Amino acid sequence: MTYDKRHGGAWDRGSADSYYKRPYNPHKYVAGTLTSDKVVSLSASDLEAYKAGWQDNEALGWHKEW
């Protein structure tokens, strides 16, 4: 499946949450991250995209080293 990977989108947020080792918390932004409204009530396709972004990054094992 192909997902919208724009900055702030559900796939991007899932990937970023995994990368920064943040809790699994499905969300997206209307436009860019932190420059627009945060959306937590997601459609089924957005939930799928968030999960895919999370899982893609987990499979790669890319995590921020603090």
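Visitor: Leaving aside neighbours within four places in sequence, which residues is Trp-11 in contact with?

Guide: Once those neighbours are set aside, Trp-11 is in contact with Tyr-3, Asp-4, Lys-5, Ala-49, Tyr-50, Ala-52, Gly-53 and Asp-56, where contact means heavy atoms within 4.5 Å. This is a predicted model, in which local features need pLDDT of at least 70 and side-chain atom pairs count only at pLDDT 80 or more, while totals for chains, interfaces and linings use all residues. Residues are numbered from 1 along each chain as its sequence is written, and side-chain values use heavy atoms, with hydrogens and water left out.

Visitor: And which residues make up the largest nonpolar core?

Guide: That core has six residues, namely Ala-10, Trp-11, Ala-49, Tyr-50, Ala-52 and Trp-54. A nonpolar core is a set of buried Ala, Val, Leu, Ile, Met, Phe, Trp, Tyr and Cys residues joined through side-chain atoms within 4.5 Å; buried means under 20% relative accessible area, exposed over 50%, and partly exposed in between, using a 1.4 Å probe and protein chains only.

Visitor: Where does the largest share of this core come from?

Guide: H2 supplies the largest share of the core, four residues. Helices (H or I, at least four residues) and strands (E, at least two) are DSSP runs, numbered from the N terminus.

Visitor: How many residues of H1 are buried?

Guide: Nine of the 10 residues of H1 are buried, so this helix is largely enclosed by the rest of the structure. The buried residues of H1 pack against S1 and H2, and among them are Asp-12, Arg-13 and Ser-15.

Visitor: OK, what does Ser-15 touch, residues up to four places away not counted?

Guide: Ser-15, which sits in helix H1 (residues 10-19), touches Gly-53, Trp-54 and Asn-57 when residues up to four places away in sequence are not counted. Ser-15 counts as buried because its relative accessible area is 16%.

Visitor: Switching to Ser-43, where is it found?

Guide: Ser-43 is in the loop between strand S2 (38-39) and helix H2 (44-60), and its relative accessibility of 35% makes it partly exposed. The side chains of Ser-43 and Ser-45 are joined by a polar contact of 3.1 Å, meaning a pair of N or O atoms within 3.5 Å; within protein, one must be able to donate a hydrogen and the other to accept it, and residues adjacent in sequence count only if both atoms are side-chain atoms.

Visitor: Last one, how far apart are Tyr-20 and Tyr-3?

Guide: Tyr-20 and Tyr-3 are 17 residues apart in sequence and 21 Å apart in space, C-alpha to C-alpha.
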